[in-house]
Amino acid sequence: SCMPDRTNLCSNHSFDTPTIPPYSGSSSIPLSLKTLTLDGYFSFENLEHAAKDFGNIYQYLPMAVLHPKSVSDISSTIKHIFDMGSATKLTVAARGHGHSLQGQAQAYQGVVINMESLERPSMYVKTSEAPYVDVSGGELWINILHETLKYGLSPKSWTDYLHLTVGGTLSNAGISGQAFRHGPQIHNVYQLEVVTGSGEVITCSDKKNADLFYGVLGGLGQFGIITRARISLGPAEKMVKWIRVLYSELSTFSNDQEHLISSKNSFDYIEGFVIINRTGLLNNWRSSFNPKDPIQASQFSSDGKLLYCLEMAKYFNPEETDILNQNIEKLLSELNYIPSTLFLSEVSYVEFLDRVHLSEIKLRSKGLWEVPHPWLNLLIPKSRIFDFAQEVFGNIVKDNSNGPILIYPVNKAKWNNRTSLVTPEEDIIYMVAFLSSALPSSTGTDGLEHIITQNQRILDFCAKAQLGAKQYLPHYSTQEEWQVHFGPQWETFVQRKSAYDPLAILAPGQRIFQKAI
Ligand code: FAD
């Protein structure tokens, strides 16, 4: 039923829903892989680790894991598989830090490349005009932060959590509270080195091999493996004022958010989240935030309410505290939050950026980190955010005790639209992220099945109401759905696939194309 089309890729293919396929045993390991001369090495046993990810929902065992020590290890492995053509069903998945949600970095009976092994050449920071850092595609953002800070510099655009690799976030976008100003991480890259699906090593940038460069950015690993990236840097401040305020109306909240993302001299980070019927929430904040007015704040209760929290941060150096306080006061005076709910904190720049790691340590100690994470990330056009909130926060989601729900706007007017990233068509779009954790054995509202059903209801509503929403970190099971996701960009995506990975060897876990055998 699967006819290779002109791209040699299998179309109209349906994939199965979550299952754990049986391991076919070691008899089919292609011995030829063992004959390759490498700086690093292959493992053929104890590969369970490579079948796991943060989502903890899908588990596909590979046949081999490559621990590369050089770019040529990656290139010769892919070249070898490419040269075997349709004689082998082997596919190749780069695995960054394995923080995908639905098996995107897995390769069923294929080869997983453990990108974190690729440490050489080491990081290089260029400090003069237009500073940048050259890093391996397997480098963790937290390491880049520490290295660049030695030079008083820092990347400008982040994710909320830094224990992710450069290759992993650049294959998606890398969107966080700085994106309103600097764009996502894919817009803060000058140059990439990529190994394509035929094993060719290509350097690309806006000036050179631009089609590959933009294809790979947000390209879900489909066109090549990022082995090196040149990331733009700016001056780093030492400290951060971190502020939270509450709203009871979406209109006031979103007006303020949209005002802040378009103001000059605004905050450096702007996000927000929804609070649905939570008890004792503000008390929990007291361990890290100080209420401006402790007495009034202690009388404020979130029980039974739908609230919106605006979260802002301003970077500063200790010697500038006076100007900083004046600035912040001016910015806050333009906002319309509930006055008794102003919470402030002051932390170091590293503590702020690495904030989710603290939660990770706490959750790990309680055994609550390695649980299923049925996350749903959506980009919603500004014009429909009220329709979305009314139905989703009013009817579908009864409380957010399974995890945070982020909601914040970014202005993408100045974003480059040549990358593979798919966004709704308006200039201002909202990131809405349902970051749920499930209790593995529960059949209740905190169980995996309930949360997956709820996510599906949200997606069904978006489709039925024609919100023009797009999934971020997208996940689909049929190629038709991918085609709808990409819309007018689908043709370019398919063309790029046939140019750079014609046998569909790369990133099979995204389930967009299937290798024809
Ligand atoms: P992996 O899961 O290992 O890989 C992701 C995909 O990219 C796979 O298809 C893989 O094959 C491919 N890939 C990996 N490395 C390479 C490479 N070098 N070259 C080409 N393809 C490659 N995202 C945001 O945008 N903003 C956030 O604020 C944010 N916060 C997060 C917080 C947490 C706690 C977690 C778990 C995730 C968060 N994410 C966020 C999502 C995150 O960006 C993605 O899950 C990302 O894919 C994780 O990076 P990774 O290194 O673990 O990638």
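Phe-461 touches Glu-391, Val-392 and Ile-396, when residues up to four places away in sequence are left out; two residues are in contact if their C-beta atoms, placed from the backbone, lie within 7 Å. The structure is a predicted model, in which local features need pLDDT of at least 70, side-chain atom pairs count only at pLDDT 80 or more, and totals for chains, interfaces and linings use all residues. Residues are numbered from 1 along each chain as its sequence is written.

Phe-461 lies in helix H14 (residues 448–464). Helices (H or I, at least four residues) and strands (E, at least two) are DSSP runs, numbered from the N terminus. With 17 other C-beta atoms within 10 Å, Phe-461 is partly exposed; a residue is buried if 20 or more other C-beta atoms lie within 10 Å of its own, exposed if 12 or fewer, and partly exposed in between, with C-beta atoms placed from the backbone. Phe-388 is 73 residues from Phe-461 in sequence, while their C-alpha atoms are 8.3 Å apart in space.

**Overall form.** The protein has 16 helices and 21 strands. Along the principal axes, the C-alpha atoms fill a box of roughly 70 × 55 × 45 Å. Buried residues account for 42% of the 517 residues. Of the contacts between residues at least 6 apart in sequence, 75% join residues at least 24 apart.

The domain assignment, automatic or from a database, gives domain 1 (9–115 + 477–515), domain 2 (124–235), domain 3 (239–363) and domain 4 (371–472). The C-alpha centres of domain 2 and domain 3 lie 29 Å apart. Their contact takes 10 residues from each of these two domains. On the side of domain 2 that touches domain 3, six residues are nonpolar, three polar and one charged; Ala, Val, Leu, Ile, Met, Phe, Trp, Tyr, Cys and Pro count as nonpolar, Asp, Glu, Lys and Arg as charged, and the others, Gly among them, as polar.

The ligand lies between domain 1 and domain 2, because both give residues to the shell around it. Of the 37 residues around the ligand, Gly-96, His-99, Ser-100, Gly-167 and Gly-168 come nearest; a residue is near if its C-beta atom, placed from the backbone, lies within 6 Å of the molecule. The shell comprises 15 nonpolar, 19 polar and three charged residues.

**The nine-strand sheet.** An open sheet with antiparallel pairing has the order S14-S16-S12-S15-S13-S18-S19-S17-S20. Strand S14 (290–291) and strand S20 (470–472) stand at the edges with a single partner strand each, so one side of each has no neighbour in the sheet. Two strands pair if DSSP finds at least two bridges between them.

| Strand pair | Bridges | A bridge partner pair |
|---|---|---|
| S13 (residues 269–276) and S18 | two bridges | Val-274 and Ile-405 |
| S18 and S19 (residues 428–434) | seven bridges | Ile-405 and Phe-434 |
| S17 (residues 376–381) and S20 | three bridges | Leu-379 and Lys-470 |

Strand S18 (residues 405–411) is mostly covered, with six of its seven residues buried. Within S18, Ile-405 is the bridge partner of Val-274, and its partner in S19 is Phe-434.
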